[in-house]
Amino acid sequence: MSEYIIESQDLTRDFGDFRAVDKLNLKIKRGEVFGFLGPNGAGKTTSIRMMVGLLHPTSGKVLINGQNINEVEKASIGICPQELVLWDNLTPNESLNLMGDMYGIPKKERQMRAEKLLSDLFLTDKAKTQVKDLSGGMKRRLNLAMALVHEPEIVVLDEPSEGLDPQSRRVLWNYIRFLRDDDGKTVILTTHLMDEADKLSDRIAIIDHGKLLRLDTPDNLKKEIGEGDVVDMKLSDQSKNETVIAALKDLDEIDSVSEIQGRINVYALDAVGKLPQIMSKVEDSGVKIADLSVRQNTLEDVFLDLTGTTLRE
Amino acid sequence: MKFISIASKAAKELLRDRRGLIMILLFPMFFMLVFGFAFGGMGQQDEPHNLAVINYDQGATLPGTGENLNFGNNFTQVLKDIKYQDSNVKIFNVNQTNLNDANQLLKQRKADAAVIIPENFTQSILSSASGSNSTTTVIIRGDTGYINFGVSQGILTGILGQYQDELVAGIKSQLTRTPVQRVSKAIESKVESLPGTESFTNFDFLAPGMIVFAIILLATTVASTLTREVDRGTLSRLKLSKMRSFDFLFGNMIPWSFIAAAQVIILLGVAMLIGFKWQGGLNSIFLAVLVGVIGGIASVSLGMIIASFARNDRQAANLATIITVPMSFLTGAFFQLPHVIVANIMGQPFEIYEILPWTHVLNAMRTVLTFGGGWSDIAYQVGWTIVLTALLFFAGILIFSRTRLQPES
C-alpha cells in the first residue's frame, strides 16, 4: 500500500478567463491531517471539489490510492462542506439513516453508526429534533457526522469551524484528532484560520490565487521565516521603509526582514535580546519608530511572508 | 431500495413544511372557488363552429318524375356550405358521424351540437308538399349548459326553418306548377340534452379543468424543491453517495403522486360544495384519482426538466409559472381552444394540444366526473396519458441526471 492516499497532478481549473486552481501538485499521506491554508477565494474549495469528484478539472488529474478519482468507489470519501448541507425538516437521526442508506449500509448497522456519531458529537439529546430547530453549533456537528456515517477512508472538512462558538470548536477539534488517531482516517482540512491549521494539521499546504506556495509541517513552515519571534514596527516616515529594510538586512542577528502593508516585520530568534541592535539600525537611518511590538512567530507570519498580504478575511 | 428512503425523506419534508403544504393545497382551491362563483351560473361567449350530423334519412321517390331524393343529404350539404352573412366564413364545421361518436364529441366539447336527421325526413317533406299534414322532427342535441350549444341551436333552428320554407315551397310549386304563398310546417326541431347534462352550468365543465390546473401547478413546486436541493448542496451530498439518478427522481416522484391524488379528492370535494354536479359513483372518483396521479407524474417530470436549468429555487418557481400557466390554457382547462387537428390516429383526430399529457388527463377527468363515463370511455385518453407521461418522465430523468447528477463540468 502506497504511503500517499491522494495525489493531484497538475490539477487546474478555469472558470472562463479566471484560473481558480493553477497546476496544483499535492501528495497527501495516509492517516494524516492535511491542512489546506489560504484566504477566502484562494482556490481551496475548488481544489477540494475536484479532489472528491464533484467538479471536473480543466486539466490534470486526481488519484485516490493510485486510481483515477472517476473510477474510485464512492464510499471512500466523506465531505463536510463549508455550508450547512442539511435537510431542515428531517431529524439528525433520520438524516444520518438516510445518508447511511444511500451508501448501502444495512439498516441495523446504520442505526448503530448513527447513534454512535450522535453520541460522539454530543447530539444524542437532539436525535429526534428537526434540524431547523437545532443551534448553529449543533448543525455544524451534524454536518460533520453526515460525512462520516459511511465510515470513509478520507474525510474532507471544508472550513469546519466557520461560525462555531469556542465550545463547539473544541468539540470539533478533539473529534478531528480522534478521527486521525483512533480511527486512522486521512483528514483534509481547509481553513483560513491559522491557529486551526497550526494545531490540527500534520502538514500544511499554503495556497493563494490557485497556486501552491508551500507544503510542509507547521513547525518547518514557521522555521522557514525564522524560528522564534517577530518584531513588528511602524516608522514615522514610511517612505524610508526600503532604506531601513536594506540596513536591517545587514544585521547578522536577524533571520529575515520584510515590509507588510506599510509595516516592517523583523524575524529573529530571541528578538527581545536583539532589540537594541535593531532600534539602533533604524535610528542610524534617520527615522523614528512610531509603533513597535514583539510577538511569537505564527503561521500568519509565514503566510504574510509568502504572499506579502494578510488574509483577505 | 434507496428510492424508498428518498421517497420517505421527501414525504417527511413535504408534510413537516406545513405552510408550504397548505399553500400547495389551498392555492388551486382558491382558483376553484373563484371560477365556481364566476361561472357557476354564467355562460361564456364563443363562436359556434363544430357540428356533428347523424343522418338516418332513408330518402324517397318524387311522385311523377320517379326521381330518388334524399333531403337529409341535401340538408347536411346545406349545413356544410352555409356561410355567415357578408362573409366567406362557414358557419359550421360539419362532422358526419354516428350517434355514439357524436355523443362522445359532445362530451369532449369537440362538437358544439349534434343534428339528428330522422329516417322519414325526405318522405315527410314530400308528403307535406303534396298537401298532407305530415311533419318530421329534427333533433338538436347537446349540452344545454354550454353556451356554444345555445348559439349553435339558435342558428340551426333558423336555418332549418328557412330550409323547410324554401324546399317545401319549391317542391309544391314543381308539383302544382303554381306559385305557393304559404306552406304547412313540414320540419320541426326539438332540442334534446345530452344525457346527464340537462342542468349543467359552465362550472361543471370548468371544475375538472381546475383540478388539472392544480396538477400542472405541481411542476412549479417540484421544480423549486429540486432546485433547492441543488442550491443548498444536499444534492451534492447525495451525488457523492451510491445513490443512482433513478433512486432520487423516482423516490421524489412518489410523495408528489400522493399530493396529486389528494388534490383531485380535495378539489372535487370543494367543487361539489359550490355546485359541481358530479356524475358517476365512487368508481368515477377512483378513475379521476388514477388519471390525476398519472398527470401528477407528468408534472413531476416537467418539474425535473425545469429544475435542470434553473439557478435557484426562486428562478425555478418563476420559470415554472411561465411554462405551466400558458400550458394550462393549452390543455383547455379554462376554455375551449380552436380545433387544430394535426393527425389522425387510430381513427381519432389528434389535435396539437393533445401532445400534452394533461390534455388527455383533462378529457378523461371530464368524461368520468362531468359525464359519468367509465373505464372504457377513458381508456384511449389514459393510454395517451401514460405514453406521453412516460416519455416526459424519461426525458426528465435524462436531462436532470445529465445536468445535475454528474460532476460539474
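B:Ser236 counts as buried, because 22 C-beta neighbours lie inside 10 Å and the threshold for burial is 20 or more. The model is a predicted one. B:Ser236 belongs to helix α8 of chain B. Its C-alpha atom is separated by 8.9 Å from that of B:Pro407. Along the chain, B:Ser236 and B:Pro407 are 171 residues apart.

Chain B as a whole was examined next. Its secondary structure comes to 13 helices and 9 strands. Chain B has 409 residues, of which 46% count as buried. Among contacts in chain B with a separation of 6 or more, 79% join residues 24 or more positions apart.

Helix α9 of chain B spans residues 245–273, and helix α13 of chain B spans residues 375–404. The two helices pack with their axes 10 Å apart. The angle between them is about 125 degrees. Angles over 145 degrees would count as roughly antiparallel, and 65 to 115 as roughly perpendicular. The pair α9(B) and α13(B) is therefore oblique. The crossing of α9(B) past α13(B) is right-handed. On the α9(B) side, the contact is made by B:Ser245, B:Phe246 and B:Leu249. On the α13(B) side, B:Gly396, B:Ile397, B:Phe400 and B:Ser401 take part. These contact residues of α9(B) and α13(B) divide into 4 nonpolar and 3 polar, with no charged residue.

Chain B also touches chain A. The contact takes 21 residues from chain B and 24 residues from chain A. On the chain B side, two elements give two or more residues each: α1 (2–16) and α8 (234–239). Helix α1(B) provides the largest share of that side, with 6 residues. By residue class, the side of chain B that touches chain A has 4 nonpolar, 6 polar and 11 charged residues.

The sheets of chain A were then traced. An open sheet of 6 strands runs in the order β6-β7-β8-β3-β9-β10 in chain A. Its pairing is mixed. The edge strands are β6 (77–80) and β10 (211–216) of chain A, and each pairs on one side only. From one strand to the next, the twist averages 15 degrees. Strand β6(A) runs parallel to strand β7 (residues 154–158) of chain A, and 4 bridges join the two. Within this pairing, A:Ile79 has A:Val156 of β7(A) as its bridge partner.

Helices pack on this sheet. Helix α5 (residues 166–181) of chain A touches β3 (33–37), β7 and β8 (186–191) of chain A. The direction of α5(A) makes about 150 degrees with that of β8(A). Helix α10 (residues 299–307) of chain A lies across β3, β9 (203–208) and β10 of chain A. Helix α10(A) runs at about 40 degrees to β9(A).

Chain A also holds an open sheet of 4 strands, in the order β2-β1-β4-β5. The pairing in this sheet is antiparallel. Strands β2 and β5 (67–68) of chain A are the edge strands, each pairing on one side only. Strand β1 (residues 4–15) of chain A pairs with β2(A) over 8 bridges, in the antiparallel sense. There, A:Ile6 has A:Ile28 of β2(A) as its bridge partner. Helix α1 (residues 44–51) of chain A lies across β1, β2 and β4 (59–64) of chain A. The helix α1(A) runs at about 120 degrees to β1(A).

Backbone geometry was checked as well. Most residues other than glycine have a negative phi. A:Lys23 has a positive phi, near 45 degrees. This residue is found in strand β2 (residues 18–29) of chain A. A:Lys23 counts as partly exposed because it has 15 C-beta neighbours inside 10 Å. A:Phe122 also has a positive phi, near 55 degrees. A:Phe122 lies in the loop between α3 (107–120) and α4 (136–148) of chain A. With 15 C-beta neighbours inside 10 Å, A:Phe122 counts as partly exposed.

Conventions: Residues numbered from 1 in each chain as written. Chains lettered and ligands numbered in written order. Predicted model: local features only at pLDDT ≥ 70, side-chain atom pairs only at ≥ 80, totals over all residues. Buried ≥ 20, exposed ≤ 12 C-beta atoms within 10 Å, placed from the backbone. Contact = placed C-beta atoms within 7 Å. Nonpolar A, V, L, I, M, F, W, Y, C, P; charged D, E, K, R; others polar. Axes fitted to C-alpha atoms, helices over the stretch in contact; angles between N-to-C directions. Parallel < 35°, antiparallel > 145°, perpendicular 65-115°, else oblique. Left-handed = near helix turned anticlockwise from the far one by under 90°. Pairing = 2+ DSSP bridges.
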